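Hi everyone, thanks for coming. Let me put the structure up, and then I'll walk you through a few parts of it.

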Amino acid sequence: MSIETASLTKHYVETKAIDNVSVSIGDDVQVLALIGPSGGGKSTFLRLIGGLESPTFGEVTVNGITLPVDDSALREWRKKNGFLFQSFNLFPHLTAEENVILPLAEVHQSSQEDAKNRAQEVLSRFGLAKHLGKQPGQLSGGQQQRVALARAIAHKPQWLLLDEPTSALDPEMKAEVLDLIEELQKSGQKIILSTHEMGFARRASDHVIFLSDGQKLEEGNAEELFENPKTAEVKLFLEKVMKW
Amino acid sequence: MKTFLGIFVSVVLGATFCFVFWIVVSHDYQWDAIAPYKGNFISGWWTTLLISAIALVGSILIGALLTSGQLSPWKVPRILSRSFVELIRGTPLLTQILIGYYLVAPAIGWDSRFGVGILVLSCFSGAYLSEIFRGGVESIPSSQWLSAKAIGFTDAQTYRFVVIPQAIRRVLPASAGQFANLIKDSSLLFVISVHEFTMQAREVNANTYATFEAYLPLIFGYFILTFPISLLSRSLEKRFAYEH
């Protein structure tokens, strides 16, 4: 599946979050990493591709079909993907199991029984079999993010969109979640992630886009971009973040 | 320090309560004077119960309607709901009852003081409830809306499965207070001669000149109506509780 953006632009009141970004993600790309400084537009770009927001100008094309601007039509595209957010965003009034069951039953029209079986399957796969009946407030950050990941993949999404999935976690929990994402990557899941984890981006992704001030500064093969950045800004950024 | 403060507050409150209770109890009452009017009190209490129960349901419906108007994406329902809420909350209930029964009801050929009373009370309490409901809905973090959108929920599904279950827990204490107010406010229906509990006490007082004996039963009569609401609210708060 290919994704292309043409002159993609997103303006908020006084901010150009994404400014005229055109990229072409070919069918051969399995993991795309969005990197760059904070506030550079990674999250907005991810949300535009995932159909969570509509562009001010420009368009997103998936397999040659342009995504609609109308929100209810865009919902069909969102349903096909899975999202994971930095702050987990689980529903606090539901148990871990219910958090996974709800979208399966209400959005993807699975029967309650099928949804329950699938929820138990993915949650067990992520080491959460003992925590099915717990609400998010009773789980650690790492466990919550694993539940959120289970919810995002339970319906077998075309693309898994991860928005800085480990930024709110301590190092141990971060490793737990990154291990799971790597496992998903190895199982063939297509992933787009925005991240500050340069080591992970370098190891797991096969294509990288560097965004700064809402603009694409560089794009290319992960190994190549990390080894030989072409622009001074990307070089400086990578030197800084890879130093420690 | 905390313990000391706790003991001090308990002693002051306990002493004040005992003092007031003693003053009230030690008064030389003439209960014989109001004994023949026992039936009036009972029928008045039942009338108050009936009015309050119907107005309570009515106020929830009107409150929910006004809330959806205020949160509507369209300007006209927003302005109309907002204006209605401001007008009702900013003017005395007594005047609203008078205008409702003596001006509006005759103009549409409706001659039921009981019905008009219930409708005005429902509107009055509904306006307050709508602000409580709106506060509850708006207190749900934007991350929950985003998460619901990401899993492919429609707006209606987001309200049903995500927002309302969480908002209920938040609006319960304030709503219970408003329901208690509604019960007590029903006493103002005496201005259109609805023979509710307070109206009966006024008539007993006018006939016997035994003021305290006529009005004291109101304390117990209203308390047994409002206290169960408080208990129910606390039990529902526990039922809808979740950890943040």
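Strands here are DSSP runs of E, at least two residues, and helices are runs of H or I, at least four, numbered from the N terminus; two strands pair if DSSP finds at least two bridges between them. One bridge joins A:L8 to A:V21 in β2(A).

Quick housekeeping: this is a predicted model, where local features need pLDDT of at least 70 and side-chain atom pairs pLDDT 80 or more, while totals for chains, interfaces and linings use all residues. Residues are numbered from 1 along each chain as its sequence is written, chains are lettered from A and ligands numbered from 1 in the order written, and side-chain values use heavy atoms, without hydrogens and water.

Back to chain A: the open sheet has 4 strands, ordered β2-β1-β4-β5, with antiparallel pairing. Which strands stand at the edges? They're β2 (16-25) and β5 (65-66), each with a single partner strand, so one side of each has no neighbour in the sheet.

Now the interface. 20 residues of chain B are in contact (heavy atoms within 4.5 Å) with 22 residues of chain A. There's 1 salt bridge between the chains, meaning a side-chain nitrogen of Lys or Arg within 4 Å of a carboxyl oxygen of Asp or Glu. A:D71 and B:K149 make that link, at 3.7 Å, N to O.

Last one: B:W110 sits in the loop between α5 and α6 (113-138) of chain B. Its relative accessibility is 34%, so B:W110 counts as partly exposed (buried is under 20%, exposed over 50%, partly exposed in between, with a 1.4 Å probe and protein chains only).
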